[in-house]
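Please look over the sequence and the model before reading on, and keep both in view.

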Amino acid sequence: MTFMEETLAQVLPIWDRCVEAPFVQEVKKGTLPMEKFKHYMIQDSIYLKYYARVYGKAIYHSSTLKDIQMFYSALCFVTDTESAVRLSYLNRFGLTDSDIEDIEPFPENKNYIDFMMDIADNGDICEMLMAVLPCMLSYNYIFRKIAAEPESKGSIYRDFIEDYANERYVASCRLWSDFADEKCAALSDDRKKKLAAIFEKASLLELDFWNMSYKE
Ligand SMILES: Cc1ncc(CN)c(N)n1
């Protein structure tokens, strides 16, 4: 098994809990009240700004052009591709990214942001990778499962589901897992253990984010 295969196997039970989270289940059925989705989108917009900053830090600390290009491509994805559906929802709610600037993150969101920023400040490239990858890969895992269920076909949130379930996103996730394997393959077992723990912690923070979004 590769490092990423082992690490993914360790977090799948957490990601399955994300699939079962009431917020995700109601998105699937299209029964989630739009007001809850609005709060999620606002909190997610705050989160994604910090998420993008971690990539900025990773670019700064990259020593090869290939690494810079990889992190840059992910940064573009977050700020352009992923932003398209998010911005269309914000627009429907009468909001723009500028309106988000003055809104405070909820505590669970702040925890996740603090965790990422701490690793961006003090960690190396591999640690940064482990902190950001569950965000990308867990959404793919969750929404591939959701998109495959017949109940999701008529969901009013179908565009959102598709954004994370489409083949292009699947291909990017595969590329990113391979990249992480490349970067981490030669590390000692102790280092790998520490990296897997960061990946697991980020996955738990993802679960908290889903539960927060339902609660608020
Ligand atoms: C909190 C969170 N996690 C993951 C994703 C998917 N990139 C997201 N938009 N927001």
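This is a predicted model: local features need pLDDT of at least 70, side-chain atom pairs count only at pLDDT 80 or more; totals for chains, interfaces and linings use all residues.

Two residues are said to be in contact if their C-beta atoms, placed from the backbone, lie within 7 Å.

Turn now to helix 8, which runs over residues 158–165 and in which Phe160, Ile161, Tyr164 and Ala165 are buried. Seen down the axis of helix 8, these buried residues fall within an arc of 125°, so they line one face of the helix. An α-helix has 3.6 residues a turn, so residues three or four places apart point the same way. What covers the buried residues of helix 8 includes helix 2 (22–29), helix 4 (65–92), helix 7 (125–147) and helix 9 (167–184). Ile161, if its neighbours within four places in sequence are left aside, is in contact with Val27, Phe143, Ile146, Ala147, Ser152 and Ser155.

Ile161 also belongs to the largest nonpolar core, which has 59 residues, and is listed with Val54, Met128, Met130, Ala131, Val132 and Leu133 as having the most contacts inside it. Helix 7 gives the largest share of this core, 12 residues.

Finally, which residues are around the ligand? They are Asp44, Tyr47, Leu48, Glu82, Cys135, Met136, Tyr139, Glu206 and Phe209. Helix 3 (34–61), helix 7 and helix 10 (189–215) each give two or more residues to this shell, which by class has six nonpolar, no polar and three charged residues.

Note on methods: Residues are numbered from 1 along each chain as its sequence is written. A residue is buried if 20 or more other C-beta atoms lie within 10 Å of its own, exposed if 12 or fewer, and partly exposed in between; C-beta atoms are placed from the backbone. Helices (H or I, at least four residues) and strands (E, at least two) are DSSP runs, numbered from the N terminus. The arc is that of the directions from the helix axis to the C-beta atoms. A residue is near a molecule or strand if its C-beta atom, placed from the backbone, lies within 6 Å of it. Ala, Val, Leu, Ile, Met, Phe, Trp, Tyr, Cys and Pro count as nonpolar, Asp, Glu, Lys and Arg as charged, and the others, Gly among them, as polar. A nonpolar core is a set of buried Ala, Val, Leu, Ile, Met, Phe, Trp, Tyr and Cys residues joined through C-beta atoms within 7 Å.
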